Structure formats: C-alpha cells, structure tokens
Amino acid sequence: MTSPAEQSSTSRRTVLRAAGGALGAGLAFGGGMRPFAAAAAVRRPKASTVHQVPEARAVTLRYPTPADEAKIIEQGLPLGNGRIGALATGGPASDVLYLTDATLWTGGLNDALQDDGQFPYDTTQFGSFTLLAKATVSLPDHTASAVTGYTRTLDLSNGLSTVSYDHEGVTYRRESYASHPDDVIVVRLTQSGGGRYTGSLTLAGWHGETPAADATTIALAAALPNQLKYAAAVTAVSTTGNITAAGSTLTFTDCEDVTLVLSGGTDYTPDDATAFKDPSVDPRAVATGRVRAAAAVGAAGLLRTHLADYQALFGRMTVDLGPSSDAQRSLDTGARLTALGAPNAPADPELEAAYLQFGRYLMISGSRDSVPLNLQGLWIDRTDPDWMGDYHTDINVQMNYWLAERAGLPDCFDAFLDYCVAQIPSWTRTTQKVFNDPRNGFRNSSGKVAGWTTAISTNIYGGMGWWWHPAGNAWLCNSLWQHYEFTQDRAVLKKIYPLLKGACEFWEARLITTTVTDPVTGASREVLIDDSDWSPEQGPTDAKGITYAQELVRDLFVSYRAAAAALARDTGYAKTIAALQARLYLPQVSPTTGRLEEWMSPDDLGETTHRHLSPLIGLFPGDRITPADSPAELLTGVTNLLTSRGMESYGWACAWRAACWARLKDGEKAYQLIRTNLKPSLNTSNGTSPNLFDMYDLGSRATLQIDANFGTPTAMLEMLLYSRPGVVELLPALPAAWAASGRVTGIGARGGITVDLAWRDGKVTEATLHSAGGATTEVRAGAWKRTVRLKPGRAVTLRP
C-alpha cells in the first residue's frame, strides 16, 4: 500500500501543488449545506486535466471474496458523497447496496421533559436516522461457482470501489463511486473479451414504499410519520443492448456495458423557522431528474468529474510510516488485520498508514454539504440503528471532527459548523424554556437561565434526547473555536461568535460560589464552580465543580475573549467573562489517590477504569495542560489518572487514550492503543472489522460506532505533530515502530499552517511549513527550536 503523488493543502479550500488543484478549485466542495432541491450546474473537467492514480501507487484495500449481506456492516465497502451513502456487498451474481441519506430522520423537536426532568430518548419522539432504500444488481449467470479470479477493492486514492472476476473466458469489471458534483452513486459494468451483460437492478424500500417505473427510471417516494418527504431513484444506460423498466425493476439485456445511476434525498432544510422542512421540494422529481441528468453525461464524463473533485481533497495528504514486508503486502486486507492482531506480531506500517487514510476517505465520503457525521456516519445496516444514530455531545460527535483540520480536510468540518448554527435557535428556546424545570436535577440553583446548552443526544430537528448536558455547549464551542484556530478564517469566527457568547451567558447564570482552602497555606478563597452535574457518564449526578465542566468552561471563556477581541465586539461583556474566568476553580491533584481529581473531591466517586476520560479534557483536546508548561505535580496527577484508566476499552475510548498519551509524549503507549484498535473484531468483540470499520461490542452482536475511525487517525497525527497557538512541535511521540523512516505531507497545524514532515532514525530530517495567510510560530523538534515567520502564500523549509 503506497501513497499517491505528493500533494498538500495550506488553507481552507486552497490546494497547492496538487495534481488537478486548479481544476478542483473550480468545483464546489464546502461552504454550507446543499439542500437536495438545490441542484447546481456541474463544471466538467477536460479529459487531459484528470489522471487516475495508477493501481501501483494507489492506497487500496483488497478482499478475495464478496461481503455477506448478513454482515454488511462489517464486510460491505462504504461509498458516499457527504450526503448520500451506500454499503455494497460486491457479489458477482447479486450486488446489494444499502442506501442512505444523511437527513432521513424520524422524530422531531422533542422539547418536553419527562417526569425525571430529562428528555424522551426513543425512536418516536426523539427519532432516529434510518435507511433510504435497497438496490440489488442481479446477474443470474455469474454465480460464485461459475466465476474465478474474484477480487474486490476499495481504492482510497481515487474514491472507487471495484469488483473484478472471470466468467466463461471474459473478464468482468464493476466500478462504483459516489459523485459529489453530480450528487449520485454510479455503478459501472464493463467487460473485456466480448462478453455481454444480462441482468437487472431492483429498487426496494425499507418503510413500506411501492417503487414505480417511468420510462427507464425506477423511483420510490413517501413521507415519514413526521411528514419528512423522501425519495430514491435509479436509471441505467448502455451503448448496446436493451434496457426496460417495470415496477421496481430495471432490466438490461445483451449489453456490452451498463451504467447504473442512483440518487435520493429528502425535503429537509437547515432552517428552524420552517421546522427543518421545505414543502416546496418534491424529492421524487428531484431524484428522478438528477439520475437522468447524470446518465445523460455518460460514464467517462461522470468519472472524470468525480476524480477531479475527490482527488482535490484526498490528495492533500500523503502518509508514509515506513515499509511493510513483502509477506505482509501479499495478504489481503482482512488477512493483514488478522496477522497484525496476533500476539507479538510486528508492525505493518503500510496497513497502519492505510487505516489513517481510510479515516480521511470516510471524512470526505461522509461530511460534505449536509448534516454532520453521526454515531454511524452515513452507513447503517438496519432501519433502527443503535443509539438512534444520533449526535452524542459528550465525546462522539466531537471526536468525529478531530481529524478534519489535522488531515487537511477543514472543508469537511463545515457540515458540523453549519449544523450547530442551524440548531442554535431551537437549543436556545428549549434551554430557556425548560432547563430550570424543578424536575431537572441539573437545573441552575441560582434560578437564572440564559443562553443555550444541549442534552447528551441531539437530532437534526433542534431536538434533544436523554439527559441534559450542561457542559455540552462548552465542548461544542471547543470544537468550533479550534476549527477557527486551524483555519484562521474570519468568516468562521463571525459564524461561531454567537454560539460562543450564548454559551458564556449560560455559564454566567449557572456558576455558583463556594469557598476552598489552600492545602499548603491554609488560606481560604471564594471560587466559581459548576452546579449539580455528573462526570460523563458516571459518578453522582449531583456533584458540584466536576473537573470536566471546570476545564471546559475555562476553555470557553478563553476562546470567547479571544473571539471578542479579534472581532472588536462586546468589550464590556468580555471583561465580565474575564472576571468570571479569574474566579474559576481549577482542578487539583488528589492527596488520597495521587491522581487528578475527577470530582471536586480527593476521593474517587466512580469507576477508576471508566471508558470516558472526562477529567483529562484539559490535556486533550484542550491545551491547558502540557508537558512543557504545567507543574510537575499536575503532570504526575494527570499521568496517574490516565494510567489508572487502563489500555483496553471501546475503540473511541482507546483513541482518546492514545491522543492523551501522545500529548504526554509517550509514543509507545499511544502506539499500543492504536494497535489495540486495529485488532480484528471477533465474535462481536471490540476491534476493527475486515472493511476497517470500528466495531463496538454490544454483547449479542457488534455494531459500527464510527468515532474511533476518526479518533484513531487523529491520535496517529498527534504522535507526529502537535500544534497549539504559537507552537508547532514535530515528532512529539514517535513510536519505535515508525521511527526508522517516514514522511507525511499536508498535516494541518493551528495558525493556518500546513506541514510536510520527514524523518529518519527517529529524528526530523526536514520540515516544510506552508501558510496561505501568513503566520509566525515557534517550531520545536526535541530540544531544538526556532521561530519561523511565514509570508502569505509562501513556505519555509527547516532541517533541524
């Protein structure tokens, strides 16, 4: 597994030195949600400007057999354009695709509290993400016993899934992809050797719909109980043979090639004022028009447009963690995972690099111009996914987006940013209406309420589910603010400013005063602390001053003050927040346990090995605690707490642990956790499935929880580069497994900087820093440091 030609990015939507970069800049990839009805003219690239990354240089996952439909979540290959997605089995005789649209959600606002003061959390009121349609490509003569040389691949460099096999002396090839510019999924059937295709495509619904034929198009359409309208459609074209349609089935006969085009969508719109639906949209008409328009372009034009768009994103980063052995390269991806998971198995650097790139592929495929990646991303295997496929605001949705900027994909963060902006009116109304309900044990004892916060779970209709999450607003703001720190985009700053201020207003009303005594001097002082709360997702529910909230509120106040200063707004209110920040209680190391306190108590009030790392949020993703700047006693307490949590847990929990160990500059422990997540998922166990999805052990079965697919690559990049405002640190936690040699290009760093980095024998040999807008930063590599001033659009190369 090798990487494509060297490419990198320097800022949002700016691609430098990228093959096809000038072309890619002309295609739309980001900048706000694209409702299903808003089809725009597609700019078609010239054939001479688009080049598919050759197979020998592409990052490719390989499989010798089709996926079993019963295990499609573990074996199916994911496709997506950021809005619509598919899981495909790749069977020669029966290729099944489970289709999704990111906005196909049941439920609604869900703003009434239950008797316990918390929100309903069910598929009826809160709602659920659900499946759109099922498409089955049938070639009855191509049974498993009749074909030889079968290979199934996912080409990450080109955004293509392929199937190839021989049947009666003819080589048949199937190429599938999800095009963002054309907003369709394409399945292209070709052959070499004089063969013909005779078969069908059947479209089926999951919610009682009845598909119908119109000319050579099949479509289904309906509305959910919440009145969200949706539709799916498919058509086909061929240069030879015949194509007919009847009922739910397209039939193609005696065709040398077939191009199948699928699409679908809903009338969802990101507008609280219209209850998040646009009644003027006819999803059936849109879906039908979209597949017909794409089919009219032809297979070659569709593929060129897809490649130009996709490569402009994926090509921003290359990853080389060192060479794997010939024996490792000879194995298919599933077998490589099994070998890597064996006791005392050697590293497989190329597979590990491919896993990182798979995370980037999922980000591009799952987060563009629609709602954000949920707990399962775009890919589910049932109409009622676990946890409703929701947005968990106490780690999971944030972890989904840690990777975007670091991996050269800040554009893909837009779906998350725009979601927060669209939801804030509903979140604000609900907070001010019912947060202080006397049944809510987390209510403000001051009796005041202002601004906004969230529940632990949120949906796409401004609705909340499960328990209130007072510090959820601060953590969402942490993600939004760090996105600005990476991009330095003032348009982003203006969009997030109201969210930052509203969250500050909530905490101004919530914080309470208590007195603490300095254990050394005996002096007493008044401090501000969080009201009744719990440390997600454990401990007493009426604890005050939990470390998680104290760290996040401090981070929020620091971010808000910087935003107000940068925009020259609300000087008086910024001073108010500064005064509150000065009085905030900051967590201490427990004299009883020797660990950083999780609660405002020297005692451990929960599970020592709990999956959440809530009290370490100031270490990662926060920046208050750093080995370079924090007192030794605090660092010891942090290290002790992290050690006590252990090295085994769910995938997302191991990813968070790995990132924390990287921040503490322990590359070996971080790498151990990377390897833990890469262990094969066997008999429902936590681990990685053959298609590289992270599996979460439910006991009776395993389910996809996709956050680890983003969190683990984030930890890998943190091991190679750590940035905070004014500092870029190279190779802070390089493990021995990658130390011999390596090179990564296009790593995003805060300050609007992109870094290309090479090393040998554990030492940096060269680093090139790029900046689109200009920046000044200190670059560190071990004991070496240097201040670098970058001019706009220029680069500086360092050789420590």
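In the predicted model, the protein chain contains 18 helices and 37 strands. The radius of gyration of the protein chain is 26 Å, close to the 28 Å that the globule rule gives for 800 residues, so the chain is as compact as a globular protein of that length. Along its principal axes, the C-alpha trace spans about 90 × 60 × 50 Å.

The protein chain exposes about 26200 Å², of which 51% is supplied by carbon and sulfur atoms. With regard to charge, the chain carries 70 positive and 80 negative side chains, and the centres of these two sets lie 7 Å apart.

Helix H4, which comprises residues 299-314, has 16 residues and reaches 22 Å from its first C-alpha to its last, close to the 22 Å expected at 1.5 Å a residue. Of the 16 residues of H4, 13 are buried, so this helix is largely enclosed by the rest of the structure. When neighbours within four places in sequence are left aside, Val 421 is in contact with Lys 495 and Leu 499. Between Val 421 and Ser 365 there are 56 residues of separation in sequence, and their C-alpha atoms are 22 Å apart in space.

Cis peptide bonds were identified at two of the positions examined, as follows. One joins Pro 536 and Glu 537, with omega at about -15°; Glu 537 is found in the loop that runs between strand S25 (533-535) and strand S26 (538-543). Another is the bond from Phe 620 to Pro 621, for which omega is near 10°, and Pro 621 is placed in the loop between helix H14 (571-583) and helix H15 (632-645).

Positive phi values in residues other than glycine were also examined. Asn 110, which is not a glycine, has a positive phi near 50° and is located in the loop between strand S6 (94-101) and strand S7 (133-138). With a relative accessibility of 9%, Asn 110 counts as buried, because the buried class covers values under 20%. Leu 731 likewise has a positive phi, of about 50°, although it is not a glycine, and this residue lies in the loop between strand S31 (727-730) and strand S32 (741-749). At 12% relative accessibility, Leu 731 counts as buried.

A further loop residue is His 142, which lies between S7 and strand S8 (148-155). His 142 counts as buried, its relative accessibility being 5%. Apart from neighbours within four places in sequence, the residues in contact with His 142 are Pro 92, Ala 93, Val 147, Tyr 165, His 167 and Tyr 172.

Technical notes. Residues are numbered from 1 along each chain as its sequence is written. Side-chain values use heavy atoms; hydrogens and water are left out. Helices (H or I, at least four residues) and strands (E, at least two) are DSSP runs, numbered from the N terminus. The radius of gyration is taken over C-alpha atoms; the globule rule is 2.2 Å times the number of residues to the power 0.38. Accessible areas come from the Shrake-Rupley method with a 1.4 Å probe; for residues, only the protein chains shown count as cover. Lys and Arg count as positive and Asp and Glu as negative; His and the chain ends are not counted. The place of a charge is taken as NZ of Lys, CZ of Arg, CG of Asp or CD of Glu. The expected span of a helix is 1.5 Å times one less than its number of residues. Buried means under 20% relative accessible area, exposed over 50%, partly exposed in between (1.4 Å probe, protein chains only). Contact means heavy atoms within 4.5 Å.
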